Amino acid sequence: MSYVFPPEPVVSVPVLGREQRFPVHRIYCVGRNYAAHAREMGFSGREPPFFFIKPADALVVAEGPRPTVVPYPSLTTDLHHEIECVVAIGQGGRDIPAAEAARHVFGYAVGVDLTRRDLQASMKQQGKPWCIGKAFDHSAPIGPITEASLAGDIGRASIWLQVNGSDRQRSDLGQLIWNVGEIIEHLSRAWELKAGDLIYTGTPEGVGSLARGDLVTGGVDGLQGISLKMA
Ligand code: MN
């Protein structure tokens, strides 16, 4: 096989304790999956799950321990942080029942769903797609993946994000409206999941603005945390 120009490299995420990396296929994201966040965005918290996609090359791999530089994006004056637990799919499938979802999970990572909130709000108001608010370059920082067998039970793990050392978001995965199994069940009805898919599972309340120079740290109990410097 030859190409008319060299293809972009495969996007990949390190796996803790392994030399082999996790090759990324797609990035799915769940919207409004914590009731308190749904309410802060003006919704009831009782809506069925919905999904959007970011391109795989929107990932910014934050291996730490030193902060990873993330460029402040263009076109926005209201860049928001959303700390999320990310599910890494190791075995694909269609119509996966929630009760069988665990065998499709390779592992978990800490991610931040960066959002150009002003652009998202404007597109929402006009009834237009959100892509420009969500799926921009460098919009998906992620830490290394911990394999599911080593992550323990993350069902009630705490999840948190600090900006310059001050708490902005703090909750636990027990507050997810749709848990990981249910997300996989719903998603795999709409798309065929493939090994290499990542799922950002939604953010708890406390989303807010970031400025250039901010130090963003976040974590989920049992997983390696993330540290970002906004440039
Ligand atoms: Mn999100």
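The model is predicted, so local features need pLDDT of at least 70 and side-chain atom pairs count only at pLDDT 80 or more, while totals for chains, interfaces and linings use all residues. Residues are numbered from 1 along each chain as its sequence is written, and side-chain values use heavy atoms, with hydrogens and water left out.

Me: How many aromatic pairs does a search of the whole structure find?
Reply: The search finds five. Rings of Phe, Tyr and Trp (its six-membered ring) pair if their centres lie within 6.5 Å; planes under 30 degrees apart count as stacked, over 60 as edge-to-face and the rest as tilted.

Me: Why is the pair of F22 and F106 called tilted?
Reply: The ring centres are 5.6 Å apart and the planes stand at 40°, so the pair is tilted. F22 is in strand β2 (residues 22-23) and F106 in strand β9 (residues 105-112), 84 residues apart. Helices (H or I, at least four residues) and strands (E, at least two) are DSSP runs, numbered from the N terminus.

Me: What makes F22 count as buried?
Reply: Buried means under 20% relative accessible area, exposed over 50%, and partly exposed in between (1.4 Å probe, protein chains only). F22 has 5% relative accessibility, so F22 counts as buried.

Me: Is F106 buried, partly exposed or exposed, and why?
Reply: F106 has 23% relative accessibility, so F106 counts as partly exposed.

Me: Why is the pair of F52 and W130 called tilted?
Reply: Their planes are at 55° and their ring centres 5.5 Å apart, so this pair is tilted.

Me: What joins strand β17 to β18?
Reply: Two strands pair if DSSP finds at least two bridges between them. Four bridges join β17 (residues 215-220) to β18, and these strands run antiparallel. T217 stands opposite S227 in β18.
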